[in-house]
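Please work through the exercises below with the sequence and the coordinates at hand, and try each task before reading its solution.

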Amino acid sequence: MVEFPCPTCGVSTPVPRGDGTEKGEFPQNIFLQKVQAAAARKKAVDSHCGNYPDSCQDGGTENVQYCIECGAHYCPECRAKHDSMKPLKGHRFISAADATGFITEESLKEALVCEIHRGEELKFYCEEDGCVVCRDCSVTKHKPHTVLDIKGAIIENTKGKISTLVSEGIKLAYQSEHSGKDCQHQLEMCEEKIRRQKDEIQTEADNLKAMIDVECQQLCNKVDQHFGSRMEQIRKDKELFEKNQTKINDVIEFTEKLLKYGSEPVIMTHAKALKKKLRELTLLKTSGAPERAEIDVTFVPKQPTSHDIANLLGVLHDGRKEGSESSLPESLRVQEPSGSSSSTLTEPIDIPTPKVPLPSPGTPNSPWQTPNRESPDEDRVSLYSRRETPDVTAPPGGLGVTCTFNARMPKEKSCRLYGCAIDENGDIYITDEGNKKMKLFAHTGHLKSEMKLTANWPAGIAILKKGHVVISDNSKANFYDNLFKNPRGKVDIFMPKTELLIKSIGEDKVKKPWGVATNSRGEILVCDVHSKCLFIFEPGGSYKTVISLAQCSYPMDIAVSPTNDTVFVSDSHGHQIIGLGVHGEPLMRYGSKSQQAGSGIGELKFPRGICVDHRGHVFIADSENGRVVQLHPDCSFFKEVDIPGLEQPVAVAVNSKGQLAVVEYKGIVHVVQYLKNDSE
């Protein structure tokens, strides 16, 4: 008998003669079986028909069904022929869409057979080799090993481990899906921020172009005015000289003809008149023409550099901490990295009153020396308060009141403050209605700059995202309110760096504007005392919508929470604070329900200024009670801010560094550090 060695496993197999005298067969080749099964499955999952070429030559693809018993797809025409055959009746059909899952499930249910022992099922597991074996392998090749029945506890243990892995895989898949959605959300936010940044840049560029056009026209008008009067006088002199020249030429021409052709009697007759005429001609203005006009007014171009243009247009501010490895600007970041070690501000804490007195301004070795004024000969005047109240008792740089100063300048008789704002550097912007100025102070109380305002009644002030300042103007409101009971006001937007007025908005909308603020979308909100409305303008200044404040008696100042864009309105005569949603719906309130004044917890008396910090805490300038009240984000009472000697506060402002600016009506400004770092 001839034996044939298998090229895969090396086992020799007797080859049957094939004449019917011997019964035998080759052992099944598992590799070929798997290839054949894979090919059959691939053909089965192909949802094309083509079973009967005479009726389905192109292979139908519509309404195809799968026959479980035949393992093939049938279109409606082929299905009809299939069902017409008696042996095929009773076969089960499923949709082509469910066929793939069904075939996969059936293939997994098939029993595995041994590649060596002629179809013996693999029912045992060898622990040493980590593989499944048949019964014959367990007593031959794997006899020295530990062989276990698959149907025992080992299958349950294996299923449990696989289930655990599946659970972990599901978690990973969920995390991947969530991370993918988060990335998509961040991409959308980045695209939105990019669009908004580009719009703001383009708007700023358009504003600069408009201002340059206006300035160009003004310069041209000045040139025309300067040379206009001179040119007019020159034209008049020119006309006079030409007229006199004509007269002289006529007399000369007549005289020459008289001398050439006239007889002696005729000459003597005209001699007297000619002498008189010539004497008159000598009196005519024939000289004294202006000297050649020199260009005494010359345009000197600034020749700005790209750096100068960038400073005018604005820069992309990178608010990252020093040493940060991220290259994405803060304005475009949408998610802070986890595990950041940078210090953050904690919840507001009670501010103790330190017992160490501060040195008076101007005292030798004092860290708060009085700054020099406009000239060395001018008397040094302290910017700090010299009131009769006790000196501020808070060390520089600590918690509590870090500085108290007087916003009135030496040459000013008085000042009346209405609004204030503070930026992230601690610089304080103040509107002085008494002197019609906007003043900029450092948080140490030193005057950095001041700008004369065209407004006759500057009130509220706010800082826009790109560094511009918006100021409400009641200049016309007071006069028209008394005269016609129909006031008009406006809101001005300035560029503090250049002291230029960019534009005025709301002139046809607002009546008596007071508080101004901006929200997370860059929109400008204006509180109108007369109309009892909240006007909202787009970042570019165009009108958007209006929200009624009919529930208020005398709405004055407004503030927007940076956490959720809740708008807080101080109702001065209603002695309350109201929190509104983005659509104007009332959300919360603080103050007496009967709108009665009071000085206890939950009571106010003519509240004026209001602001909200980055954690949602609300600060109220309780004017007639002479205090600043701090509320939780839900408008519940938290505490009174300790400010010694505070009188009639009218405006408050706060930044994310925990600095609170409090402005009194008569000019005193207090700077309070009310938050500390985690490391302190």
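This is a predicted model: local features need pLDDT of at least 70, side-chain atom pairs count only at pLDDT 80 or more; totals for chains, interfaces and linings use all residues.

Residues are numbered from 1 along each chain as its sequence is written, and side-chain values use heavy atoms, with hydrogens and water left out.

**Exercise 1. Salt bridges**

Task: Find how many salt bridges the model holds, and describe the setting of the one between aspartate 83 and arginine 79.

Solution: Start from the criterion, which asks for a side-chain nitrogen of Lys or Arg within 4 Å of a carboxyl oxygen of Asp or Glu. Applying this rule gives 24 salt bridges. For the pair in question, the closest N and O atoms of aspartate 83 and arginine 79 are 2.9 Å apart. Next, locate the two residues: both belong to helix α2 (residues 76–84), where they are four residues apart, about one turn of the helix. Here helices (H or I, at least four residues) and strands (E, at least two) are DSSP runs, numbered from the N terminus. Finally, classify their accessibility, where buried means under 20% relative accessible area, exposed over 50%, and partly exposed in between (1.4 Å probe, protein chains only). Aspartate 83 is partly exposed at 31%, and arginine 79 is likewise partly exposed at 25%.

**Exercise 2. A network**

Task: Which residues are linked with Lys439 in a network of salt bridges, and are lysine 439 and aspartate 432 buried or exposed?

Solution: The network links Lys439 with Glu412, Asp432, Lys437 and Glu450. Within it, lysine 439 and aspartate 432 form a salt bridge whose closest N and O atoms are 2.9 Å apart, and both of these residues are buried. A further salt bridge joins glutamate 433 to lysine 436, with 3.7 Å between the closest N and O atoms; glutamate 433 is buried, at 8% relative accessibility.

**Exercise 3. Cavities and a pocket**

Task: What lines the largest cavity, and which element supplies the largest share of the lining of the second largest pocket?

Solution: On a 1 Å grid over the protein atoms alone, a cavity is a set of points where a 1.4 Å probe fits but cannot get out, whereas a pocket is an open set with protein on both sides within 12 Å along at least five of seven lines, and lining residues have an atom within 4 Å of a point. There are three cavities of 30 Å³ or more. The largest cavity has a volume of about 90 Å³, and its lining consists of Glu200, Leu464, Lys465, Lys466, Thr518, Gly522, Ile524 and Pro539. These volumes are the space filled by probe spheres set on the points, which are joined across faces, edges and corners.

The second largest pocket has a volume of about 1100 Å³ and is lined by 33 residues, of which Met211, Ile212, Glu215, Cys216 and Leu219 lie nearest its centre. Helix α5 supplies the largest share of this lining, 13 residues.

**Exercise 4. Positive phi**

Task: Where in the chain do histidine 575 and cysteine 635 lie?

Solution: Histidine 575 is in the loop between β23 (567–571) and β24 (576–580), with a positive phi near 55°, and is buried at 7%. Cysteine 635 is in the loop between β28 (627–631) and β29 (637–640), with phi near 75°, and is buried at 4%.
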